[in-house]
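Please walk through this model one piece at a time.

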Amino acid sequence: MSGETHHVHSATENSGREASLLGRLRALSYDRNVLMRLQLEVTKRCNLRCQHCYVTEQPDGLTSDRIMALFDEAAEEGCLTVTLTGGEIALRSDWLELARGVRERRMMLNVFTNGTLLSEGDCLDLAALKPMFMGLSLYGPRAEIHDRVTGVRGSFERTVSAIRRLRALGVTCEIKNVLMHENMACIEETGGLARGLECSYQFDPTVAPRADGDCSVLAHRVGGEALREFYMSMVSRKDMDMLSRKACDVMAQSDPAKGTATNCSAGFSSIHVEADGNVYPCMGFLPSWGNVNEKSLGELWHGPMARQHRATMQRPLLECSDCDLLAYCTARCPRVALVEDGDVSGPSRRACEVAGLVKEMHDRLMVYSES
């Protein structure tokens with residue numbers, strides 16, 4: 001569930017103020033390297049077999065006691081938010097206890113799940129913990145599409161049932177999707193289902209390489225003329241709500257400012273711990289900083305690998321800074337650039353492709369507005 005995401009929802013005035021405050025906190029934590037967000041992969045096991053999945057299944061490597069201690073260490077570093085993810089978290093028998101552990105330490109809780117294993121009691125227990133939001137994967141508006149992607153018949157109905165239960169209990173839910181050949185024709189329809197379920201909606205336009213660098217899953221990635229037609233269909237409908245906030249900002253400007261090319265903020269105020277205990281700035285972003293079964297989270301956060309990563313990521317993106325598409329670049333991921341193009345500080349072919357389409361969308365919209 002990583003990568004650039006596209007949103008379909010309108011923020012209220014209060015949520016806008018909260019987002020602004022959160023943005024300032026993130027900027028401050030980035031500048032001072034304060035650990036603000038921890039993403040913890042509690043298991044790599046999953047009950048679905050999604051065609052595009054980037055997780056490589058392995059045995060769990062963190063005990064309940066070590067995870068609770070990890071929460072203590074994160075809190076000591078100033079952590080505000082913990083996201084529990086997988087694999088499928090509900091395959092761990094202690095997942096609800098782990099979620100309670102986050103809240104007992106007065107940190108905010110996010111949960112990513114496919115929802116298929118959540119019972120009515122699970123939903124009640126989660127609602128009582130008042131998570132900031134639940135992220136649930138849904139790859140199409142109907143079972144025939146979603147179940148084809150997940151490889152498990154009945155998964156659509158179980159996921160939608162979990163969403164309905166959670167929403168009825170007042171839990172904020174976000175439906176997550178990935179743009180693929182298999183569901184490209186119904187991305188907008190899936191967004192309509194999300195609105196009907198009173199959920200926000202994200203879709204990631206880029207199927208990413210697997211965490212171990214395997215690029216075979218890229219066969220599901222939409223590119224070339226098919227991707228162009230998909231983006232241009234949004235222009236013809238004048239429906240920009242499906243773009244990321246960054247892209248929406250670009251569309252709102254008659255002449256977007258080019259700015260300066262900067263790299264990702266992963267590892268400056270956030271960290272990812274995998275189910276085997278290995279620590280990364282972001283999911284699958286090699287190399288590992290070390291393992292929490294051998295060192296404390298604080299030691300790794302302030303350690304030599306972390307310092308080396310930050311120094312690398314702060315280097316100017318020289319080639320990107322000279323690019324005419326820089327103002328329209330909204331989808332660059334350094335991990336994708338590293339795995340697919342060999343340079344964490346260089347251009348990403350995928351990001352360049354999307355940037356060209358964002359510029360074309362922008363130029364067409366400017367023509368429409370003047371006519």
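Helices (H or I, at least four residues) and strands (E, at least two) are DSSP runs, numbered from the N terminus. The model is predicted, so local features need pLDDT of at least 70, side-chain atom pairs count only at pLDDT 80 or more, and totals for chains, interfaces and linings use all residues. Residues are numbered from 1 along each chain as its sequence is written, and side-chain values use heavy atoms, with hydrogens and water left out.

Start with Ser348. This residue lies in the loop between helix H13 (334–341) and helix H14 (349–370). Is Ser348 buried or exposed? Buried means under 20% relative accessible area, exposed over 50%, and partly exposed in between (1.4 Å probe, protein chains only). Ser348 has a relative accessible area of 2%, so Ser348 is buried. Which residues does Ser348 touch? Contact means heavy atoms within 4.5 Å. Not counting residues up to four places away in sequence, Ser348 touches Arg332, Val336, Ala337 and Asp341.

Turn to helix H2, which spans residues 64–76. Its 13 residues reach 19 Å from the first C-alpha to the last. That is close to the 18 Å expected at 1.5 Å a residue. The expected span is 1.5 Å times one less than the number of residues in the helix. Six names make up the buried list of H2: Arg66, Ile67, Leu70, Phe71, Glu73 and Ala74. They lie on the same side of H2 because they cover an arc of only 165° around the axis. The arc is that of the directions from the helix axis to the C-beta atoms. Asp65 and Glu76 are exposed on the other side of H2.

What do the buried residues of H2 pack against? Their partners are strand E2 (37–41), strand E3 (81–85), helix H3 (95–104), strand E8 (270–273) and helix H10 (297–301). Just after H2 comes Gly78, with a positive phi of about 100°.

Now look at the backbone. Most residues other than glycine have a negative phi, and most peptide bonds are trans. Where does this model depart from trans? The peptide bond from Gly86 to Gly87 is cis, with omega near 25°. Gly87 sits in the loop between E3 and H3. The bond from Leu286 to Pro287 is also cis, and its omega is near 5°. Pro287 belongs to the loop between strand E9 (278–280) and strand E10 (290–291).

Arg106 has a phi near 60°. Its place is the loop between H3 and strand E4 (108–113). With a relative accessible area of 77%, Arg106 is exposed. Lys130 has a positive phi near 50°. Lys130 lies in the loop between helix H4 (120–129) and strand E5 (133–137). Lys130 is exposed, at a relative accessible area of 64%.

Next come the rings. Rings of Phe, Tyr and Trp (its six-membered ring) pair if their centres lie within 6.5 Å; planes under 30 degrees apart count as stacked, over 60 as edge-to-face and the rest as tilted. How many aromatic pairs does this rule give? The count comes to 4. In one of them, the ring centres of Phe203 and Phe230 are 5.9 Å apart and the planes meet at 85°, so the pair is edge-to-face. Phe203 lies in strand E7 (residues 200–204) and Phe230 in helix H8 (residues 224–237), so the pair ties together parts 27 residues apart in sequence. Phe203 is buried at 0% relative accessible area, and Phe230 is buried at 9%. Phe230 also forms an edge-to-face pair with Tyr231, at 5.8 Å centre to centre and 80° between the planes. Tyr231 is buried, with a relative accessible area of 0%.

A charge meets a ring elsewhere. The charged end of Arg310 sits over the ring of Trp301, 4.4 Å from its centre. The rule asks for NZ of Lys or CZ of Arg within 6 Å of the ring centre and within 35 degrees of the ring normal.

Finish with the cysteines. A disulfide is a pair of cysteine sulfur atoms within 2.5 Å. The structure holds 0 disulfides. Cys264 is partly exposed, at 29% relative accessibility. For Cys320, the closest cysteine sulfur is in Cys352, 6.5 Å away and too far for a bond. Cys320 counts as buried, at 12% relative accessibility.
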